[in-house]
Amino acid sequence: MTGVARYAAERNLPGCLYAWPVPATVPRGRVAAIRTADALALPGVHAVLTHENAPRTREPDDPILAVLQNDRVPHRGWQVALVVADTLEGARAGAEALDITYETAAHDAVLTADHDGLYTPETANGGYPAVRERGDVDRAFAAAPVQVDATYTIGPLHNHPMEPHATTALWSQDGRLTLYDSSQGATKVRDSLATVFGLRPDQVTVVSQHVGGGFGSKGTPRPQAVLAAMAALHTGRPVELAMPRRHMAAVVGHRAPTVQRVRLGASSDGTLTSVAHEISTHTSTVKEFVEQAAVPARVMYGSAHSRTVHRVAALDVPSPSWMRAPGEAPGMYALESAMDELASALGLDPVELRLRNDPAAEPDSGKPFSSRNLAACLRDGAARFGWNDRDPRPAVRREGPLLLGTGVAAATYPVYAAASHASAHAAPDGSYRIAVNATDIGTGARTVLAQIAAHVLETPVENVTVDIGDSDLPDAPLAGGSSGTASWGWSVHKAATALVERLGESSGPLPAAGVTVTADTTDETAEESPHARHAFGAHFAEVAVDSRTGEVRVRRMLGVFAAGHILNSRTGRSQFIGGMTMGLGMALTESSSLDPVFGDFTESDLASYHVPACADVTGLEAYWIDEDDPHLNPMGSKGIGEIGIVGAAAALGNAFHHATGVRLRTLPLAPDRVLSALR
Amino acid sequence: MKPFAYLRAASVAEAVRESAARPGARFLGGGTNLVDLMKLGVESPGLLIDVSRLPLDRVTDTADGGLRIGATVRNSDLAAHPAVRTRYPALSQALLAGASGQLRNTATTGGNLLQRTRCPYFQDTSKPCNKREPGSGCPAREGAHRDLAVIGHSTECVATHPSDMAVALAALDAVVLLYGPDGERTVAVTEFHRLPGDDPSADTVIRPDEMITEVVLPPLPEGTVSLYRKARDRASFAFALASVAAVLRVREGRIEHAALAFGGLAHRPWRARTAEEALRGAPAGDAVYLSAVDAELAAARPLRDNAFKVTLARHLAVDALAALTTRA
């Protein structure tokens, strides 16, 4: 580590001003008046932008980007002003000097399972149909000799990357906009900002060279990019806006809460006959975002009868968005907990139950799987973990006050890939340069892209330079949906392959300028696959539950994943372990609570939003089964950024049950809940 | 910008004199809480008087076998001090249970005692809080209070004192030395922090311009054992949901001395005098411990979402006493 990487708010541009956003302090209503005179009178304050004087923007593709365009306050924390000053402190002092009055209206920030506002949307996140139904679930469930009917609840969660959302913006004399933005996809930010400011995409450059984590919250452009650009336009100076940590919870998305009812019907040998997964969640009044938590039930297990339903209520809350494995992470917590309950009801080993219901084709679509190694993951994990000697009886292992237990759960995540462009350049000195607007959000994207190119070019990896993180490079999709490496790598592979061909066509020295070829994977990635393509995995976990304090600590956690060909074992393991750690947080420590009175999140700093500390994360191991799947992409890879979190919370919850004999169906398994349950 | 002046005091006397001359001045120790509060806008001192380099960084034996701890001794150093580890293990354990390694390296003994509550409403200047803004109201009572007080709170305030160290000091009968414009005085740690009553704005009995210079631990008679137990939401770097410091001396099966203090339950380290009264002279044993602790916690008035803390405190205290009994 050398410290030379420059992040979005570390550009130190000459003449740069600093901006401080002003969040609404009411949960719903409108801005009645903003008195800016006192703020503007402060030394160093250059401007106060409000809905009255901010540049008018075009309608954005995402309504959260329509900031300072009208007086409406859709939720507490919505930005109602921006103060721009010579210094960060000056901007903040200006923000405090504003006198804002609101007209407030009654608000409702609390999701309940029977909320009056719940409706069935057309689609859930990812474009999945909100409702899918096969057969006659109600009849099949009623007729099933063994039934599980359980409801699971997960509160809101936050991504909270280490680097806050931040943008430095500047406009050139000829009206070009440059943004240094902490983002997971600079091409997407460029296009969205071009739309907002009525520019052509080629008039906007977005640089996201180094990004300190995102976990989905930087997958779409965030308001700070628009605000910084507005402020730079208004003042004619570069403007830096780094989101204060305490403001983030309201404006950079969160995992929406879910209330999930799962009904499983099975025959007495454990064969599933019906699967019903029905979820309720919230969105904001700004936009409809529906956490697609019932979608994995369309993939996981065979059953003749199935119903998967999403319902959503638009509340006066911040807008939810992507957080690592949206849909799969909460959905598989419920489904895999219910599977464990079914195994208990059947008196069947939970690994065996899953093996008995491992389908040959995707249940919802009927398509064959391109590869599906859930069974191999379960078997391999069971052997490594020592599962096969497990005493299935709950609540029989004690060490003093500690109750010990083990649990298992499956994981799945879809294979996505999007169109990407890349160029490959051969220089006369024998070196190569790859250009693709990929983003490295801490995953090691540069490394793996260099590997892919070096492999095709048959050259040492040190001989390949990779340029990423700049929208002036060939267009590429964002680092999201565990699709970055597949999408970017595909275009890099194609460009490198074309370069090899080109170089083979001519002999003799290269021209002084070298040779450059470009590639575009629009056609390949648009092809409808005849296969259902998903990664799978299995988590095994051992927990110690302190029956006296309610503290649940992980003794060990072991994941085995089947995600195509793993391109780099070091960075791959890091992704799996990182996902498992985040799953541990979801299960045991992380919680954002919506304050019903104020309509905001109570936990707004990293002291109160408890991501796992190092002391929580001991004994984590990740393994994989290398798959040879010809139906994916030239690298044979599936995404690995998200599957590590999927199912992790269920494995821990199931281990909790095995330890205590008590089913807790609400996360996190924190001492207050655990003590009440064990009483 | 809220400008503030910075002064590095050369002596305790100078620090106190400068503070008296500048209303609204604050003493700066490690800054691990004060600077955060300045960033939050909760504190806005006009002058920071840096006392962290005053020659108050020593831990020395007292003539009677106790320990004298300078106000600027860092939490890490105090936790690691051999005399603390061997003679006052509860204090070492409490320190190590607090915060993170980096924070403990910076935080001072005096500053730790003076840290403010982490109640979310206290820390958010856009919301009412009687402690921060007297008379503005207490949203925590109806709002988010899972982590807040269950005993000794008032209609005005349900905040908890966040320190682990102070809980151990309370059980160990430590004394705080204060130096102010009127000279030196001593206050027992148990009397140093206040209950909120109808004036939650004051956390402690410290007077304006007074400064903590030392904390003195009295000697513990031969055969006295102590420990600190803490329950929290994650394995490290989390405030106590509840904690207990226990000090015990048992002879021939009878309790000669018992001191018990709870953390995370109240506006101050909660010294359990009722329980101690019940324990003194009683036979050591779980049943006695349970009834003594329950007698203490009978005064608890938990709020909607924090009743679990009473159970937690009961378990921690009974288990701590039982663990000490096997060592005594």
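The model is a predicted one. Chain B and chain A bury about 2,600 Å² between them, and 61 salt bridges are counted over all chains. The structure holds zero disulfides.

**Interface of chain B and chain A**

- The contact draws 33 residues from chain A and 31 residues from chain B.
- Of the area buried between the two chains, 54% lies on carbon and sulfur atoms.
- The interface is crossed by three salt bridges and by 14 residue pairs in polar contact, both residues being at pLDDT 80 or more.
- On the side of chain B that touches chain A, the elements giving two or more residues are helix 2 (34-40), strand 9 (225-231) and helix 12 (308-327) of chain B.
- Helix 12 of chain B supplies the largest share of that side, with seven residues.
- By class, the side of chain B that touches chain A comprises 15 nonpolar, 10 charged and six polar residues.
- A salt bridge joins Lys127(B) to Asp600(A), with the closest N and O atoms 2.6 Å apart.

**Salt bridges within chain A**

- Asp71(A) and Arg30(A) meet through their side chains in a salt bridge, at 2.7 Å from N to O.
- This pair links distant parts of the chain, 41 residues apart: Arg30(A) is in strand 2 (residues 29-35), and Asp71(A) is in the loop between strand 3 (45-50) and strand 4 (72-73) of chain A.
- Asp71(A) is partly exposed, with a relative accessible area of 23%, and Arg30(A) is partly exposed at 30%.
- A network of salt bridges links Glu133(A), Asp138(A), Arg263(A), Glu278(A) and Arg307(A).

**Salt bridges within chain B**

- Arg271(B) is paired with Asp173(B) in a salt bridge whose closest N and O atoms are 2.6 Å apart.
- The two residues are 98 residues apart and link distant parts of the chain: Arg271(B) belongs to strand 12 (residues 270-271), whereas Asp173(B) is in the loop between helix 8 (165-171) and strand 6 (175-180) of chain B.
- Arg271(B) is buried, with a relative accessible area of 10%, while Asp173(B) is partly exposed at 32%.
- Glu276(B) and Arg273(B) also form a salt bridge, with 4.0 Å between the closest N and O atoms.
- These two residues are separated by about one helical turn, because they are three residues apart in helix 10 (residues 273-279) of chain B.
- Glu276(B) counts as buried at 2% relative accessibility, and Arg273(B) counts as partly exposed at 42%.

- Cys157(B) takes part in no disulfide, and the nearest cysteine sulfur, that of Cys138(B), is 6.0 Å away.
- Cys157(B) counts as buried, at 5% relative accessibility, whereas Cys614(A) counts as exposed, at 73%.

**Surroundings of Thr187(A)**

- Thr187(A) lies in helix 4 (residues 186-196) of chain A and is buried, because its relative accessibility is 7%, under the 20% limit.
- The side chain of Thr187(A) makes a polar contact with the side chain of Asn437(A) at 2.7 Å and reaches the backbone oxygen of Ala476(A) at 3.2 Å.
- Residues up to four places away in sequence aside, Thr187(A) touches Asn437(A), Ser471(A), Asp475(A) and Ala476(A).

**Helix 5 of chain B**

- Helix 5 (residues 89-97) of chain B is mostly covered, with seven of its nine residues buried.
- Among the buried residues of helix 5 are Pro89(B), Leu91(B), Ser92(B) and Leu95(B).
- Just after helix 5 of chain B, Ala99(B) adopts a positive phi of about 50°.

Note on methods. Residues numbered from 1 in each chain as written. Chains lettered and ligands numbered in written order. Predicted model: local features only at pLDDT ≥ 70, side-chain atom pairs only at ≥ 80, totals over all residues. Heavy atoms only, no water. Contact = heavy atoms within 4.5 Å. Buried area = accessible area lost by both parts, 1.4 Å probe. Polar contact = N/O pair within 3.5 Å; in protein donor to acceptor, adjacent residues only side chain to side chain. Helix = DSSP H or I, 4+ residues; strand = E, 2+ residues; numbered from the N terminus. Nonpolar A, V, L, I, M, F, W, Y, C, P; charged D, E, K, R; others polar. Disulfide = S-S within 2.5 Å. Buried < 20%, exposed > 50% of the residue type's maximum accessible area, 1.4 Å probe, protein only.
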